[in-house]
Amino acid sequence: MTKVEITGNSMIMLFAGYETTSNAMLFLAYNLALHKDAQHHVREEVQAALHKHVRITYEAAQELKYLTQCINESMRLYAPIPGNSRYCEEDITINGITIPRGATIDVPVYGMGRDGDIWEDPLVFNPDRMEDMSKIDPMIYQPFGAGPRNCIGMRFALLEIKITFAKLLLKFDLDVCE
Ligand code: HEM
C-alpha cells in the first residue's frame, strides 16, 4: 500500500467508525430513557448474562438478545447514516423501472425506517418487532447499508454498543431531563 492509501484508509476508518457509533449510542440512550420498561428488560438480561459469565465478555454480549433488538429498533427510528447512494454503471431495468447508466440512486434509509406502509405504528419504539430479523427485508431496513460494500465495521460497532450499554445499565438508570 502507498502512504496515501494508508492515510486514506486510516481516515475513513476513523470518520466512518466514530460519529456513527456515538450517534447510535446517543439515540439508544434516549430511547431507553423514554421507555423504562425496555430499559428494565435490558438490565435484567445483562444481570442474567453476568451471573452466567461473571464478566461482560464477547460470549456474554452475544447472548444479549433483547439489547440487540433495542439497538436495531433505535437505528430504525434514528439511522446514524440517514441516507445512502449508489452509482449506476450500466443501463438496467428492475421491476419495470429503467435506471440509465450514470444515474445516482438515493437510498432513503431514514424514510424507509419510518414508512407507515412498511411498519405498523412506525413512530413507536417497539423492540419486539426486531425479534426475528429474518422477517425483515434487508433492502428496507439497512442502517449499515446493503450488498458487498455494506459496513465493514458492523459487527465491531454492535459489539462496542452492547458492551458499553451492558456496563452502563449495571451502574446507572437512564432518564430524560425535564
Ligand atoms: C453504528 C455504527 C455504524 C453505522 C450505522 C455504520 C453505517 C455504515 C453505512 C450505512 C455504510 C455504507 C454501506 C453501503 O454503502 O452499503 C458504512 C460503510 C463503512 N463503514 Fe460503517 N457504520 C458504523 C460503524 C462503523 C465502524 C465502527 C467502522 C470501523 C471501525 C466502520 C467502517 C466503515 C467502512 C470502512 C465503510 C466503507 C465500506 C466500503 O466502502 O466497502 N463503520 N457504514
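A charge is taken to sit over a ring if NZ of Lys or CZ of Arg is within 6 Å of the ring centre and within 35 degrees of the ring normal. In this predicted model, the charged end of Arg-114 sits over the ring of Tyr-78, at 5.2 Å from its centre. Arg-76 lies over the face of Trp-119, 5.2 Å from the ring centre.

The rings also pair with one another. A pair of aromatic rings is described by the distance of the centres and the angle of the planes. The count comes to three aromatic pairs. Phe-27 and Tyr-78 have ring centres 4.4 Å apart and planes at 0 degrees, so they are stacked. Phe-27 lies in helix H1, whereas Tyr-78 lies in the loop between H4 and strand S1 (84-87). The pair therefore ties together parts that are 51 residues apart in sequence. Phe-27 is partly exposed, at 27% relative accessible area. Ring pairs link Phe-27, Tyr-30 and Tyr-78 into a cluster.

Trp-119 and Tyr-141 form an edge-to-face pair, because their planes stand at 80 degrees, with centres 6.5 Å apart. Both residues lie in the loop between helix H5 (109-113) and helix H6 (154-171), 22 residues apart in sequence. Trp-119 is buried, at 8% relative accessibility. Tyr-141 is buried too, with a relative accessible area of 10%.

Phe-27 also takes part in a helix contact. The axes of H1 (residues 3-34) and H4 (residues 65-77) come within 9 Å and cross at roughly 105 degrees. H1 is therefore roughly perpendicular to H4. H1 contributes Ala-24, Phe-27, Leu-28, Asn-31 and Leu-32, and H4 contributes Leu-67, Cys-70, Ile-71, Ser-74 and Met-75. By class, this contact has eight nonpolar, two polar and no charged residues.

How values were computed. Residues numbered from 1 in each chain as written. Predicted model: local features only at pLDDT ≥ 70, side-chain atom pairs only at ≥ 80, totals over all residues. Heavy atoms only, no water. Axes fitted to C-alpha atoms, helices over the stretch in contact; angles between N-to-C directions. Helix = DSSP H or I, 4+ residues; strand = E, 2+ residues; numbered from the N terminus. Parallel < 35°, antiparallel > 145°, perpendicular 65-115°, else oblique. Contact = heavy atoms within 4.5 Å. Nonpolar A, V, L, I, M, F, W, Y, C, P; charged D, E, K, R; others polar. Phe/Tyr/Trp six-rings, centres within 6.5 Å; stacked < 30°, edge-to-face > 60°. Buried < 20%, exposed > 50% of the residue type's maximum accessible area, 1.4 Å probe, protein only.
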